[in-house]
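The following exercises guide a reader through one structure, each with a worked solution.

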Amino acid sequence: MSESTQSESPRASDVLTQDTAFEADLREQSVSSALRDYGIRLRSGDLGALPAILGLVVLGALFTALRPETFLSNQNIANLLVQALPVTILAMGLVFVLLLGEIDLAAGVTGGVSAAVLATLLSEQGQPWYLATLAGLGTGLAIGFVTGWLVAVLGIPSFVVTLAFFLGLQGISLRLIGEGGTVPINDDVIVALANKNIPLVAGWILAWVCVIAYAGAGLFGWYRAKTKGLSRPPLALVVTRVVVVSLLILGGTSLLSQDRARSPVVFLGGIPWGVLLVAVLLIICTFLLGKTAYGRHIYAVGGNAEAARRAGINVTWVRISVFMIGSTIAAISGIVAASRLNSATPDAGTRTELLLAVGAAVIGGTSLFGGKGKARDAVLGGLVIAVIANGLGLLGAKAYAQFLITGGFLLLAASVDALARRRRSATGR
Amino acid sequence: MTSENGTPLLELQQINKSFGAVHVLHNVDFSVYTGQVTALVGDNGAGKSTLIKCVAGIHPVDSGYILFNGEKVGIHGPRDAAALGIEIVYQDLALADNLDIAQNMFLGRERKRGAILDEAYMEQEARNTLARLSVRTVKSVRQQVASLSGGQRQTVAIAKAVLWDSKVVILDEPTAALGVAQTEQVLALVRRLAETGHGVVLISHNMNDVFEVADRITALFLGRVAADVKASDVTRSQVVELITAGRSGDLGLAASTAAENI
């Protein structure tokens, strides 16, 4: 087949314009034309990760300029990453829900209830950590199933269902923990999640494994696409991407491996366990969304549910299962948040957690209108949110200013999303 | 290619269908031949859509037979129709804007290797199918559908229907929303579908389109077949009369039947 298309394309190019007959698939794309395509994508409203990366650079520069000796210190970077954990994980679950064009307002509280279940089992029942964790995750899964069922089968708008859950689940947390009380978490494994670091050697090994796997997958994928005559980005772009990501992973590992203890007697360094957890979740979610039929179906249902239904996709099941995934990841987030506090509280997840997580996903590039988004959006957006909170904290900003600024950022991200969508539909057809 | 005297690829015999008290289809006979374009014409409410939905398995028929390659078949759901090789391209195209062309063409029937999508196979096969239909208007099968023109979208929807080794392709008003140049492209594609050995059904209001591509014309009038003729045997005005009055000269329903239904 490739022979016939190749023999036909020169003839066709004489008669037809350049935009025809799979020209773009067959020609080896140059870096300049790839950049031009990217420019066109940007102008048509597909901003991707650009706002988040720009935001990180600008905010990073700003806070470094204002607090040069503290903001970029080893301690603060590690601190910032750990601060970012709960919101980032919560946002990753929300990406799934947002991909369908739905919302889960109860995600934060779901995390809170799951943490309460975990803490109660650990401290009051004396269960081992793995059973308690399993119960916590199961709580999230069950909440997600009920939410998804109410949305997909009964047809209640997700906004309303999850608002009801937002209130109802707070009641469950209160019932489990008791008014005004907290349940302490003393289990070593759970506490380590947000408070301990991976041994240095293990951290380096993992970092190199990630780098080699990422580079291998990128280059091998490109080579395979080339030999099979598939459309592919220019090699230079693939190499650049591999180099940048590798430098980030290795640089981050190196930074986190240095001693950040205030006292010279003890050593404190290494990658926090929670960061590893986020990395694992990121890999799993990226694989699920990008490489499996199930992930493809999520995008299809978010883009055009009717088209998905006619294509034979079980739309109801996709909806229910996506809420189950979102709530289970929310449960993980709740457990990490509880680990950071060393305790479960009845008001966990009831404050700004959810809005920050939605903001993180949207800042990262996930659309509120469904059908567009990636797992990495949660990580990029989560970092932006954490940098804002951390930087404002270093500046000694008052609580009211933190609320105002973070709210403003969320609104800004949502405006960019809405404008980009208008742009897309205007240039799309 | 099979002549009209040969066995039709798809044949409906004496189909009746009622919705409650409303008798929508009266003893309808309808045939589709391999390598030919059969135009199904009729006014709004003549029963075109109902007939197609019976073939698609969306509505069960009350009485009558459906024959595929001369053998009686039961179509009890969309999956039965798809299994026989009957694909329908609906008017609202049922493409997901946020996916690319290859992803849309394989939507719901993705090819996998183990648990992982076989992107290489799907991309090549999507390109091959478009090339087989001589589609030359697409820059890349990795383009998002959102960036396509109306004609290109229609093209993708049709290519999606033929990807699955289909025998009968039913097109519901494929040119209704298109401009002149794009209509030409789509009509050329319809012709090519027939030339590549499909039985094609074209539902259309546009007489220009019908006479440009159709080999046969079946006119429905208030749920009855007014005429089933070769396109070369009739004129445009005769077909318009058949659609609006159910008869034209000695063609069409008996005067009494036509009158009693009006």
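## Exercise 1: A strand and its neighbours

Five bridges connect β9(B) with β10(B), and the two strands run parallel. Two strands count as paired if DSSP finds at least two bridges between them; helices (H or I, at least four residues) and strands (E, at least two) are DSSP runs, numbered from the N terminus. The model is a predicted one, in which local features need pLDDT of at least 70 and side-chain atom pairs count only at pLDDT 80 or more, while totals for chains, interfaces and linings use all residues. Residues are numbered from 1 along each chain as its sequence is written, and chains are lettered from A and ligands numbered from 1 in the order in which they are written.

**Task.** Determine which residues of β10(B) are the bridge partners of B:Val168 and B:Leu171, and describe how the chain crosses from β9(B) to β10(B).

**Solution.** 

1. The bridge partner of B:Val168 in β10(B) is B:Gly199.
2. For B:Leu171, the partner in β10(B) is B:Leu202.
3. From β9(B) the chain passes through α6(B) to reach β10(B), a right-handed β-α-β crossover. Right-handed means that, with the strands pointing away from the viewer, the path from the first strand over the helix to the second runs clockwise.
4. β10(B) also pairs with strand β3 (residues 37-42) of chain B, in the parallel sense and over four bridges. Here B:Leu40 has B:Ile203 as its bridge partner.

## Exercise 2: The sheet around the strand

**Task.** State in what order the strands of the open sheet of six strands lie, and which are the edge strands.

**Solution.** 

1. The order in chain B is β6-β9-β10-β3-β11-β12, and the pairing is mixed.
2. The edge strands are β6 (86-89) and β12 (224-230) of chain B, each of which pairs on one side only.
3. From one strand to the next, the twist averages 20°. Axes are lines fitted to C-alpha atoms, for helices over the stretch in contact, and angles run from 0 to 180 degrees between N-to-C directions.
4. Helix α5 (residues 150-162) of chain B lies across β6 and β9 of that chain, at about 170° to β6(B). Contact means that the C-beta atoms of two residues, placed from the backbone, lie within 7 Å.

## Exercise 3: Buried or exposed?

**Task.** Decide how many residues of strand β10 (residues 199-203) of chain B are buried, and which residues of α13(A) are buried.

**Solution.** 

1. A residue is buried if 20 or more other C-beta atoms lie within 10 Å of its own, exposed if 12 or fewer, and partly exposed in between, with C-beta atoms placed from the backbone.
2. In β10 of chain B, five of its five residues are buried. One side carries B:Gly199, B:Val201 and B:Ile203, and the other B:Val200 and B:Leu202, so that both faces are covered.
3. Helix α13 (residues 293-303) of chain A is mostly covered, with eight of its 11 residues buried. These are A:Arg296, A:His297, A:Ile298, A:Tyr299, A:Ala300, A:Val301, A:Gly302 and A:Gly303.
4. The cover over these residues of α13(A) includes α5 (74-99), α12 (273-291), α14 (305-310) and α15 (315-341) of chain A, together with α3 (101-105) and β8 (116-117) of chain B.
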